[in-house]
Amino acid sequence: MNKTAVILGAIGFVILIVVWWGVSTFNGLVSADEAIKSAWSQVENQYQRRYDLIPNLVETVRGFAKQERQVLENVTAARASVGQLKVTPEVLRDPEAFARFQKAQDGLSSALSRLLVVAENYPNLKSNENFLTLQSQLEGTENRISVERKRFNETVQDYNVRIRRFPGSVVAGFGGFREAQYFQSAAEAEKVPEVKF
Amino acid sequence: MHRYIILAGILSNQALAQPAIPRLEQRVSDFTNTLSYVEWNSLEQMLKTFEDTTSTQIVAVMVNTINGSSMEEFAVKVFEENKIGQKGKDNGALLLIAKDDRLVRIEVGYGLEGSLTDAACSQIIEREITPRFSEGNFYGGLLAGVTSIMSATAGEYKVDSRGREAPFIAMALVAAFAVIFFFIFLPIVMSRRKYVISRQGWVYNPGWGYRSGDWGGGSSGGSSWSGGGGMSGGGGATGRW
């Protein structure tokens with residue numbers, strides 16, 4: 001009689017510990033997930049900021065370099081394709097949608113860097129106050145994007161390690177936590193466009 | 001799997017290429033033996049006074065070279081490592097110079113992005129700093145740069161009136177909680193459970209420790225300086241001379 005009570009007590013105690021561990025692991029995953037969201041919103045802010053800078057930049061360049069139609073159109077088209085993409089938290093879990101998003105943004109980056117390279121050929125443009133301001137804002141924004149992307153990747157890495165490492169992966173499986181996506185190093189996109197003379 | 005490999009590759013590459021990140025103990029750190037004591041001291045005192053009155057932390061660092069790595073990344077790392085700016089306000093700015101690389105960067109904390117815009121930084125670099133640097137006038141360039149940064153940020157953040165008393169308020173709160181804990185919470189729980197001692201950690205919860213950041217930066221003065229816990233997000237501008 002007394003013995004069964006002790007055994008039941010011990011089992012109950014173990015269950016209590018397991019449940020307590022499960023709950024705290026789950027909560028840890030929830031905060032890691034939230035951290036991803038806030039890191040993501042920083043990334044998104046910077047992309048948005050860049051999106052808003054472009055119309056002015058395109059107009060300014062057009063004023064001095066009308067003949068560069070192709071380059072200007074490429075930027076406008078790349079910007080439009082970025083605008084079409086809706087980014088919901090779901091996208092962060094969907095490899096295909098995420099790759100599409102990244103491809104569009106990287107496409108815009110390379111269109112913009114080509115525009116800046118072309119601008120080098122126009123001394124009047126290069127000394128235009130308005131252009132210089134926009135250029136420094138754009139450079140600053142590109143740098144912010146890369147900083148926030150790096151921080152986002154670090155946050156995602158922390159989360160993914162948590163949901164994949166063994167005991168935590170059980171809780172993650174029950175809670176429906178799915179692996180989040182990284183930004184790939186945009187090696188091709190950031191390659192300086194070739195300039196032919 | 002590939003993702004991890006790629007990511008690990010990026011991280012290790014950066015680790016290899018990056019020079020050591022300096023741990024700053026002053027507002028003006030000259031690792032190149034360029035400034036005389038009088039010059040260093042005048043900049044240091046100017047920035048200290050500015051920080052005491054506005055709580056904005058402006059820091060100037062001169063290194064010899066960044067070994068061909070990215071100036072932008074290096075600046076973010078120096079900022080991260082030293083947590084320039086007050087915690088929560090992120091009102092810090094870093095003026096970073098790589099003398100032999102002839103590179104200069106202004107890195108701006110999140111909280112100052114409104115007044116110290118990328119365009120403003122770029123102008124300060126091109127109009128105030130690099131013309132003097134190319135004449136070899138490093139003190140003049142630093143002085144002009146720091147002064148312009150100060151006037152750009154001035155007014156963005158004032159020391160709020162609670163600023164100085166904050167630690168005492170925090171201590172009073174901790175004391176109040178300790179009283180509640182020992183005389184109300186503890187006896188109640190003690191009467192039910194025995195292993196409550198482990199909960200004592202709650203009193204020392206790191207949540208209360210954040211005030212230490214305020215002590216570290218800002219008004220403490222003295223010879224030793226440390227950042228207040230600020231963050232930057234890559235804002236600012238880079239220039240060369």
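**Salt bridges in chain A**

A:Arg62 comes out as partly exposed, its relative accessible area being 33%. This is a predicted model, and a search through the whole of it turns up 21 salt bridges over all chains. A:Arg62 takes part in a salt bridge with A:Glu59, and the closest N and O atoms of the two sit 3.0 Å apart. Both residues belong to helix H1 of chain A (residues 2–64), where they are three residues apart, or about one turn of the helix. A:Glu59 is partly exposed as well, at a relative accessible area of 46%.

A buried pair turns up elsewhere in the chain. A:Arg149 and A:Asp106 bring their side chains together in a salt bridge, with 3.2 Å from N to O. This one links distant parts of the chain, since A:Arg149 is in helix H5 (residues 129–164) and A:Asp106 in helix H3 (residues 95–119), 43 residues apart. A:Arg149 counts as buried because its relative accessible area is 10%, under the 20% cut-off. A:Asp106, also at 10%, is buried too.

A:Glu179 lies in the loop between helix H6 (166–175) and helix H7 (187–190), whereas A:Arg164 is in helix H5, so the contact ties together parts 15 residues apart in sequence. Here the relative accessible area is 26% for A:Glu179, which is partly exposed, and 43% for A:Arg164, likewise partly exposed.

Finally, there is a network: A:Asp33, A:Glu34, A:Lys37 and A:Arg93 are joined into one by salt bridges that share partners.

Technical notes: Residues numbered from 1 in each chain as written. Chains lettered and ligands numbered in written order. Predicted model: local features only at pLDDT ≥ 70, side-chain atom pairs only at ≥ 80, totals over all residues. Heavy atoms only, no water. Salt bridge = Lys/Arg side-chain N within 4 Å of Asp/Glu carboxyl O. Helix = DSSP H or I, 4+ residues; strand = E, 2+ residues; numbered from the N terminus. Buried < 20%, exposed > 50% of the residue type's maximum accessible area, 1.4 Å probe, protein only.
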